[in-house]
Amino acid sequence: MSRLSVRNVWKEYPGQVVLERLSLEIASGEFCALVGPSGCGKTTFLRMLLGEESPTRGTIELDGKPLVAEPGPDRGVVFQRYSVFPHLTVLQNVIIGREFERSPFLGKLFGAKRRAAEEEAEEVLNEVGLSAHRAKYPAELSGGMQQRLAISQALIRKPKVLLLDEPFGALDAGTKSQMYELLLRLWAEYKMSIFMVTHDLKEGFTLATRVLAFDKVRIDPQAPGAYGATVTYNLPLEDKIAAMAVA
Ligand SMILES: Nc1ncnc2c1ncn2[C@@H]1O[C@H](COP(=O)(O)OP(=O)(O)OP(=O)(O)O)[C@@H](O)[C@H]1O
């Protein structure tokens, strides 16, 4: 389960209100697309969900519990630019996703735990179609393959919530549509909630069960930082939600 409650959340940086009066109730397992003009705080919202940033005011709860102020294993994240480590092989890159989760300070796993992590990594690579490339380094992979690797790093932690920041922005159209199929399959299989920032409205409507549009409703031309953005449209895509309930 991963029900998200956002209650009257504000996020301010010195001299700038980024987000204001944000209130949302998102059911477990939904796929939300976050859209809106550049700089309106979509990434900031994702970073609050990840625990990298805290709200200045208001509360965010996951399954009725306040989000802890640091990234937890229940949340995985994938950015537009590949977050993979260039000096590690594909397999090692996935295992490290597990190592960071288990012991963020000590890192390495040994013995039976290491073997179990290797097996899990092999399984995830199989899911995303990268098994045959397990011994390669990221530089030897295409952009789409690198993004599949980044998704694998997040998936090995079996997150309840997957956060995606324009994950397909750098990919060509053909690779994108393959990635859409993969992501929808993984979403159904892992039963995660997904929050995905995208600049591509069509992508949002294709993939998501709910589109959240961020924008400013108040603007003071003399003081551009005085007001923040909020969710101006919260559009449930009823047919997709119905399909999700059946699956
Ligand atoms: N750590 C920070 N300190 C100060 N200001 C910040 C910080 N992080 C973000 N901001 C500001 O918050 C605003 C929103 O940034 P954010 O990256 O969330 O927007 P966005 O909607 O994701 O933009 P884009 O679509 O261009 O990626 C920007 O004006 C940015 O400069």
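**Fold, ligand shell and helix faces of the predicted model**

Most residues other than glycine have a negative phi. The model is a predicted one.

Arg21 shows a positive phi as well, near 45 degrees, and is likewise a residue other than glycine. Arg21 is found in strand E2 (residues 16–26). Its C-beta atom has 15 others within 10 Å, so Arg21 counts as partly exposed.

The chain as a whole was examined next. Its secondary structure comes to 7 helices and 10 strands. For 247 residues, a compact globule would have a radius of gyration near 18 Å. The chain has 18 Å, which agrees with that expectation. Along the principal axes, the C-alpha atoms fill a box of roughly 55 × 40 × 35 Å. Buried residues make up 37% of the 247. Contacts between residues at least 6 apart in sequence were also considered; 72% of these join residues at least 24 apart.

The ligand has a shell formed by Tyr13, Val18, Gly36, Ser38, Gly39, Cys40, Gly41, Lys42, Thr43 and Thr44. By class, the shell divides into 3 nonpolar, 6 polar and 1 charged. Helix H1 (residues 42–50) gives the most to this shell, with 3 residues. Gly39, one of the shell residues, sits in the loop between strand E3 (31–35) and H1. Gly39 is exposed, since 12 other C-beta atoms lie within 10 Å. Gly39 and Asp215 are separated by 176 residues in sequence. In space, their C-alpha atoms are 9.5 Å apart.

H1 also has a buried side. Lys42, Phe45, Leu46, Met48 and Leu49 are its buried residues. Around the axis they cover an arc of only 160 degrees, so they lie on the same side of H1. An α-helix has 3.6 residues a turn, so residues three or four places apart point the same way. Just after H1 comes Gly51, with a positive phi of about 95 degrees.

Helix H3 (residues 111–127) contains 17 residues. From its first C-alpha to its last, H3 reaches 25 Å, close to the 24 Å expected at 1.5 Å a residue. Ala117, Ala121, Val124 and Leu125 are the buried residues of H3. Viewed down the axis, they fall within an arc of 95 degrees, so they line one face of the helix. The face turned away from this buried side carries exposed residues: Ala112, Arg115, Ala116 and Glu119. Gly129 follows H3 and has a positive phi, near 75 degrees.

Helix H5 (residues 173–190) has 18 residues. At 1.5 Å a residue, H5 should span 26 Å. Its end C-alpha atoms are 25 Å apart, which agrees. H5 is followed by Lys191, whose phi is positive, near 50 degrees.

Glu61 is found in strand E4 (residues 57–62). With 13 C-beta neighbours inside 10 Å, Glu61 counts as partly exposed; the exposed class requires 12 or fewer. Leaving aside residues up to four places away in sequence, Glu61 touches Ser5, Pro66 and Leu67. Leu207 is 146 residues from Glu61 along the chain. The C-alpha atoms of this pair are separated by 25 Å.

Leu201 is found in helix H6 (residues 201–207). Leu201 is exposed, because its C-beta atom has 12 others within 10 Å. Leu201 and Leu62 are 139 residues apart in sequence. Their C-alpha atoms are 27 Å apart in space.

Methods
Residues are numbered from 1 along each chain as its sequence is written. This is a predicted model: local features need pLDDT of at least 70, side-chain atom pairs count only at pLDDT 80 or more; totals for chains, interfaces and linings use all residues. Helices (H or I, at least four residues) and strands (E, at least two) are DSSP runs, numbered from the N terminus. The radius of gyration is taken over C-alpha atoms; the globule rule is 2.2 Å times the number of residues to the power 0.38. A residue is buried if 20 or more other C-beta atoms lie within 10 Å of its own, exposed if 12 or fewer, and partly exposed in between; C-beta atoms are placed from the backbone. Two residues are in contact if their C-beta atoms, placed from the backbone, lie within 7 Å. A residue is near a molecule or strand if its C-beta atom, placed from the backbone, lies within 6 Å of it. Ala, Val, Leu, Ile, Met, Phe, Trp, Tyr, Cys and Pro count as nonpolar, Asp, Glu, Lys and Arg as charged, and the others, Gly among them, as polar. The expected span of a helix is 1.5 Å times one less than its number of residues. The arc is that of the directions from the helix axis to the C-beta atoms.
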